[in-house]
Amino acid sequence: MFGQVVTGHSGHAASDNGQIQDLVERAQLGDRSALEELYLIHFDRIYSYLHMSVGSRHDAEDLTTQTFVKMLESIGRFRWRSAPFSAWLFRIAHNLAMDHFRARRRWQPEEEIPEPPGAEENSAEEQALASIGDASLLELIARLSPEQRQVLTLKFVFRFSNGEAAAILDKTEGAVKSLQHRALASLHKHVTR
């Protein structure tokens, strides 16, 4: 989780949480080069997340810029907790994406999909993943509700843990697991039609 390599826009790599922590501490003291390095390390992942979330390159570029402006404005208030710095940035990006949807009135509350009686959580996940086969996961994800898309994108594209995804989305881990389960069940329905 904390030791994974994160490759940024410039090809630099943050090989451990210690390097990111050092950059954040320097950025909080006003070190411009540390701010630039944090931007370069995180740009690609934030942009990709926003592009997948909003579906428009132009809107994703605008929201990515806003994410890093907010990072600059509030990095002094950032405090290390259980989630990594990248989860804090993704949370900013997520909030901006939700504001974007609300402003455009495209935001739709998630449709509740009742669980079939006696269904086991793992079986739906296993069936959905097994039946996707050659179909493009990203094309199928685009058919889901915005919340379901975000959970699957955070979990499977960006490889965040349930706890990190919960911190980004301001949900409980249980809610993230439930969204993931319903999303995978919905994917299974799309694939088996």
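1. **Overall fold.** The model is predicted, so its coordinates are to be read as such. The protein chain carries 9 helices and 2 strands. Read from the N terminus, the order is β-β-α-α-α-α-α-α-α-α-α. Of its 193 residues, 44% count as buried. Take the contacts in the protein chain with a separation of 6 or more: residues 24 or more positions apart account for 65% of them.

2. **Main core.** Which residues touch the most other members of the largest nonpolar core? They are L38, Y49, L50, F85, F90 and L154, in a core of 41 residues. The elements that give two or more residues to this core are α1 (17-28), α2 (32-54), α3 (57-74), α4 (85-104), α7 (146-157), α8 (162-169) and α9 (173-191). In soluble globular proteins, nonpolar side chains tend to be buried together.

3. **L154 and the second core.** Leaving aside residues up to four places away in sequence, L154 touches Y49, F90, R159, F160, A165, I168 and L169. Y49 and F90 are, like L154, among the core residues that touch the most other members. There is also a second, separate core of 6 residues. Its members include L140, A183, L184 and L187.

4. **Helix α7.** Is α7 mostly covered or mostly open? It is mostly covered, with 10 of its 12 residues buried. The buried residues are P146, E147, Q148, R149, Q150, V151, L152, T153, L154 and K155.

5. **E147.** This residue lies in helix α7. Why does E147 count as buried? Its relative accessibility is 18%, and the cut-off for buried is under 20%. E147 and S53 are 94 residues apart in sequence. In space, their C-alpha to C-alpha distance is 9.2 Å.

6. **α1 against α2.** How are these two helices set against each other? They pack at an angle of about 135 degrees, and their axes are 8 Å apart. That angle makes α1 oblique to α2. The crossing is left-handed. From α1, the contact uses I20, L23, V24, R26 and A27. From α2, it uses S33, A34, L35, E37, L38, I41 and H42. By class, the contact of α1 with α2 has 8 nonpolar, 2 polar and 2 charged residues. L38, on the α2 side, is also one of the residues that touch the most other members of the largest core.

7. **α4 against α8.** The axes of α4 and α8 come within 7 Å. They cross at roughly 40 degrees. α4 is therefore oblique to α8. The crossing of this pair is right-handed. On the α4 side the residues are A87, F90, R91 and H94. They meet E164, A167, I168 and L169 of α8. Sorted by class, the contact of α4 with α8 has 5 nonpolar, 1 polar and 2 charged residues. F90, I168 and L169 take part here, and each of F90, I168 and L169 also touches L154.

8. **α8 against α9.** Here the packing angle is about 100 degrees, with the axes 8 Å apart. α8 is therefore roughly perpendicular to α9. N162, G163, A165 and A166 of α8 make the contact with E173, V176, K177 and Q180 of α9. By class, the contact of α8 with α9 has 3 nonpolar, 3 polar and 2 charged residues.

9. **R159.** Most residues other than glycine have a negative phi. R159 has a positive phi of about 60 degrees although it is not a glycine. Where is R159 found? It sits in the loop between α7 and α8, just after α7. R159 is exposed, with a relative accessible area of 58%. R159 also touches L154.

10. **D170.** D170 too has a positive phi, near 60 degrees, and is a residue other than glycine. Its place is the loop between α8 and α9. Is D170 buried or exposed? D170 counts as exposed, because its relative accessibility is 56%.

Technical notes:
Residues are numbered from 1 along each chain as its sequence is written. This is a predicted model: local features need pLDDT of at least 70, side-chain atom pairs count only at pLDDT 80 or more; totals for chains, interfaces and linings use all residues. Side-chain values use heavy atoms; hydrogens and water are left out. A nonpolar core is a set of buried Ala, Val, Leu, Ile, Met, Phe, Trp, Tyr and Cys residues joined through side-chain atoms within 4.5 Å. Buried means under 20% relative accessible area, exposed over 50%, partly exposed in between (1.4 Å probe, protein chains only). Helices (H or I, at least four residues) and strands (E, at least two) are DSSP runs, numbered from the N terminus. Contact means heavy atoms within 4.5 Å. Axes are lines fitted to C-alpha atoms, for helices over the stretch in contact, and angles run from 0 to 180 degrees between N-to-C directions. Angles under 35 degrees count as roughly parallel, over 145 as roughly antiparallel, 65 to 115 as roughly perpendicular and the rest as oblique. A crossing is left-handed if the near helix is turned anticlockwise from the far one by less than a right angle, and right-handed if clockwise. Ala, Val, Leu, Ile, Met, Phe, Trp, Tyr, Cys and Pro count as nonpolar, Asp, Glu, Lys and Arg as charged, and the others, Gly among them, as polar.
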